[in-house]
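Dear colleague,

Please find below the structure I wished to pass on to you, together with its sequence.

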Amino acid sequence: MITSRETIMTALQALLNAVTFAPTTGANPATTWAIPVGRRLKIWTDVPLQPACFLTSHAEEDAYSSELTPSKTTIDATLYVYIKTNDPTSIPAIDLNNILDGIDAAIAPSVVTGKLTLGGIVSHCRRDGKVMLDPGDLDGQGLAIIPIKILVP
């Protein structure tokens, strides 16, 4: 039996809500999310206040080392980050990079254990996999899709 999935996701959401980053460019510079991190994904046209972050989990996988041991569950979470980039004097990739740096800092592993355990409730939680980036150079809407893997003992 794994730790409550909701407990895990709530702990991760709390870390993400505390993300700070270098000021974004444009008319309304920001150093934090314009709204709290959401758990119900919305399309960016329905999110007027940006930068915004959404945390989803649409898959998980169980692995067994033997028939006599409990499974190890990996929860596949995904972060969706939206930023408005319609200021023609800015370089949207800079804002997106600064936000990614803020996320990395928030979910950095412990310097002692080398793991982020969300307060001891998981084996590890980390960014893991290919990150999709669209700085929004052409249409004024930036996007990052960031895979997060959470290993639950």
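**Core packing and aromatic contacts**

In this predicted model, the largest nonpolar core comprises 30 residues. Those with the most contacts inside this core are L12, L16, W33, V81, I103, I148 and I150. Two or more residues are contributed by each of α1, β1, β2, α2 and β5. Apart from this core lies another, of six residues, including A52, F54, Y82 and L143.

Helix α1 spans residues 5-17 and reaches 18 Å from its first C-alpha to its last, close to the expected 18 Å. Its buried residues are I8, M9, L12, Q13 and L16. They lie on the same side of α1, because the arc they cover around the axis is only 130 degrees. Among the elements covering them are β1, β2, α2, β3 and β5.

Turning to the aromatic residues, W44, F54 and Y82 form one cluster. The ring centres of W44 and Y82 are 5.8 Å apart with planes at 80 degrees, so this pair is edge-to-face. W44 belongs to the loop between α1 and β1 and Y82 to strand β2, so the pair ties together parts 38 residues apart in sequence. W44 is partly exposed, at 28% relative accessibility, whereas Y82 is buried, at 3%. For F54 and Y82, the centres are 5.6 Å apart and the planes at 50 degrees, so the pair is tilted. This pair links strands β1 and β2, and F54 is buried, with a relative accessible area of 3%.

With kind regards

How values were computed: Residues are numbered from 1 along each chain as its sequence is written. This is a predicted model: local features need pLDDT of at least 70, side-chain atom pairs count only at pLDDT 80 or more; totals for chains, interfaces and linings use all residues. Side-chain values use heavy atoms; hydrogens and water are left out. Helices (H or I, at least four residues) and strands (E, at least two) are DSSP runs, numbered from the N terminus. The expected span of a helix is 1.5 Å times one less than its number of residues. Buried means under 20% relative accessible area, exposed over 50%, partly exposed in between (1.4 Å probe, protein chains only). The arc is that of the directions from the helix axis to the C-beta atoms. Contact means heavy atoms within 4.5 Å. A nonpolar core is a set of buried Ala, Val, Leu, Ile, Met, Phe, Trp, Tyr and Cys residues joined through side-chain atoms within 4.5 Å. Rings of Phe, Tyr and Trp (its six-membered ring) pair if their centres lie within 6.5 Å; planes under 30 degrees apart count as stacked, over 60 as edge-to-face and the rest as tilted.
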